[in-house]
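Hi,

Here is the structure I said I would pass on.

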Amino acid sequence: MHRYLVRRIGVFLLTIFAAVTINFIVIHATPLDPVAAVLGRMASRGMSVEGGAQIVRTYTEAFGLDQPLYVQYLRYMGNLLRGDFGYSLAYFPEKVSSVVLRAIPWTLGLLTSAILLAFIVGNLIGALAAWPKAPRVFRSLIYVFMGFSAIPFYLLALLLLYTFAFMWPLLPTGGMFSVGSARGFDLATVIEVVTHATLPVASLALGLIGFWALSMRGAMTTVVGEDYLSYARVKGLRERTIFFRYGMRNALLPQVTALAIDMGQLVSGQVLVETIFNYPGLGTVLYNALRTADYFVVQGVVLFIIISVALTMLIIDLIYPLLDPRVRLGEAS
Amino acid sequence: MTPLLQVSDLVIRYAGPKGPAAVAGVDLTVGTREIFGLVGESGSGKSTLSMGVLGFLPASAVITQGSIRLDGRDLRAAGKAEWRQVRWRELAYVPQGAMNVLNPVQRVGAQFADMLRDHLGARLDAEWRERIAALLQSVRLKPDVLDRFPHELSGGMKQRVCIAMAILFEPKLIIADESTSALDVVSQRVVLQTLSAVRDRIGASIILIGHDLALQAQVADRVGIMFAGRFVEIGPVDTIFQAPRHPYTRLLIASVPSIRHRDGIPMLAEPTPQERAQWQAETEPLIEVGPGHLVAPRHAEEGQ
């Protein structure tokens with residue numbers, strides 16, 4: 001158990017190291033010139049570009065962009081270890097960490113709500129579709145949600161936006177709360193935040209429900225034939241007990257593993273969905289950073305995504321033995 | 001003998017009301033505190049009969065005729081609510097091969113707790129833990145199995161956990177379906193002795209289903225031999241062994257190995273196709289040839 005833990009955390013750190021390195025290489029291999037982009041923006045705002053050469057030199061030196069790539073890499077890694085993510089090129093002198101930290105709560109809120117919503121609804125529908133005594137509606141419901149799964153996140157987002165914010169203006173078109181509304185921790189603010197998050201969350205969750213339902217139906221079909229389920233019936237247990245504790249509880253095991261894999265998929269969808277709804281999360285930050293060739297912000301966002309996905313996998317790996325007592329840590333080869 | 005279970009003229013068919021009858025007109029009475037051994041080859045209808053009594057037939061099976069009464073209560077007419085009353089509190093079951101009947105993700109204690117909650121609305125408190133510990137002791141298990149997961153127990157231990165579960169509410173009738181078939185010889189003996197002790201302790205009747213006549217003989221009071229959906233012979237266990245009438249019973253007994261008699265015994269009690277067809281066609285009710293000894297009428301004079 002102890003050795004397994006050490007090894008598993010080692011793998012976790014190695015994953016992050018590798019991903020950060022690849023991230024660094026990829027972004028420096030792009031033909032974008034961040035300093036030229038800064039100048040371009042200044043010019044477009046009508047600011048004077050006199051002494052442009054001076055500015056270029058100062059910026060390049062300040063950000064170490066004149067150094068050989070391996071020096072930049074070592075310096076970047078060194079800074080990371082000290083928790084320094086560098087400055088945003090576009091919002092200079094704001095630091096990357098403050099840009100990213102500001103966006104994290106919104107993204108985490110969106111992401112966790114979408115994941116939980118899809119996981120719970122999808123698994124319930126799938127389980128009921130395979131349950132012999134459940135209403136037959138659930139069997140058809142799977143196909144409805146599979147239809148949604150076939151639509152990409154961003155199209156679904158546009159579709160929902162058009163339907164519920166434009167055709168029937170029930171929900172706001174974007175942002176995290178209405179402009180000019182009070183921002184305290186009161187009920188009105190909570191409602192504001194929830195209504196603004198509804199469409200983005202729905203865009204992300206709707207497409208995932210079908211996948212969860214389909215795989216849950218498969219898992220539940222196997223469980224329905226198990227001896228312990230018939231035995232629970234003969235014992236005269238209540239239907240609800242049998243369904244949740246004997247049925248779903250067992251069928252959920254493979255689903256939890258899939259949850260970690262699902263994270264990565266969702267994060268990529270999140271970027272586009274946030275952009276469409278102009279939601280102030282990491283997706284929008286990433287989108288803007290890419291547009292402005294803001295190297296360090298891109299690196300910061302991607303680093304955060306890598307860490308959160310790797311961390312989720314680590315946590316799920318470590319809690320799995322609690323869900324399935326037959327799995328014991330460290331005994332797998 | 002006060003009758004506890006009375007099955008009369010029961011017919012259970014598969015694949016619809018006109019399909020083949022797995023149980024083709026069965027009359028059976030099991031008395032209070034009696035251990036009844038139900039013996040027959042695979043496909044003879046013994047499991048279908050017991051599932052019919054338990055009200056747990058597969059969706060494809062249907063009772064087309066006859067009645068089942070438990071302690072005066074008509075089980076065929078029982079609705080859902082009445083079944084929930086009867087199931088487990090009056091009528092319990094020890095499954096065939098307990099390898100996979102316990103929920104793999106719950107501790108044994110939690111599975112006891114589920115039964116307490118769903119049947120009595122009770123919680124597994126200290127008092128119940130003590131009572132269940134005593135139950136476990138009576139099936140020769142230590143109370144700490146409550147804190148174990150099923151995969152931490154051996155096959156024989158799981159089987160005994162199932163027996164403890166079956167006697168939790170002191171039911172009137174326990175049906176044990178091939179409860180020993182998946183176990184080694186030593187565990188088989190322990191399980192059978194446990195069942196026998198349970199009868200003595202809580203006064204339950206037990207139907208012991210199996211295809212091993214010799215094993216049944218160790219604990220049963222009476223045995224019934226089923227063939228092709230019917231009983232061909234029923235009688236006290238000694239009578240059946242000493243004076244079997246029906247040729248199929250004799251075939252079964254002849255295939256039991258013993259210390260003195262080991263060579264030249266048939267591997268299987270396998271009748272010839274002609275015998276099979278002939279016995280299947282005999283649908284007359286059994287007649288009594290001795291005290292409590294019933295046999296198909298055409299074989300009443302045989303084997304004496």
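Let's start with chain A: among its contacts between residues at least 6 apart in sequence, 72% join residues at least 24 apart. Two residues are in contact here if their C-beta atoms, placed from the backbone, lie within 7 Å.

Before going further, some housekeeping. This is a predicted model, in which local features need pLDDT of at least 70 and side-chain atom pairs count only at pLDDT 80 or more, while totals for chains, interfaces and linings use all residues. Residues are numbered from 1 along each chain as its sequence is written, and chains are lettered from A and ligands numbered from 1 in the order in which they are written.

Back to chain A. Its secondary structure comes to twelve helices and zero strands (helices are DSSP runs of H or I with at least four residues, strands are E runs of at least two, and both are numbered from the N terminus). Buried residues make up 32% of its 333 residues. By that I mean 20 or more other C-beta atoms within 10 Å of the residue's own; exposed means 12 or fewer, partly exposed is in between, and C-beta atoms are placed from the backbone.

A:V271 is buried, with 22 other C-beta atoms within 10 Å. Leaving aside neighbours within four places in sequence, A:V271 is in contact with A:G283, A:L286 and A:Y287. From A:V271 to A:A293 there are 22 residues in sequence and 16 Å in space, C-alpha to C-alpha.

Now chain B, which has ten helices and twelve strands. Its radius of gyration is 20 Å, close to the 19 Å that the globule rule gives for 304 residues, so chain B is as compact as a globular protein of that length. (That radius is taken over C-alpha atoms, and the rule is 2.2 Å times the number of residues to the power 0.38.) The C-alpha trace of chain B spans about 60 × 50 × 35 Å along its principal axes, and 42% of the 304 residues count as buried.

Helix 4 (residues 126–138) of chain B is worth a look. Which of its residues are buried? They are B:I132, B:L135 and B:L136. These cover an arc of only 95° around the axis, which puts them on the same side of helix 4 of chain B; the arc is that of the directions from the helix axis to the C-beta atoms. They pack against helix 3 (108–120) and helix 5 (155–166) of chain B. The face turned away from the buried side carries the exposed residues B:A126, B:E127, B:E130, B:A134 and B:Q137. Just after helix 4 of chain B, B:R140 takes a positive phi of about 60°.

Where do the chains meet? 20 residues of chain B are in contact with 18 residues of chain A. Helix 3 of chain B gives the largest share of chain B's side, four residues.

Finally, confidence. Within chain B, confidence is lowest in helix 7 (residues 213–217), at a mean of 81, and highest in helix 3, at 94. The model scores ipTM 0.84 and pTM 0.80.

Cheers

Technical notes:
pLDDT is the predictor's confidence in each residue, from 0 to 100.
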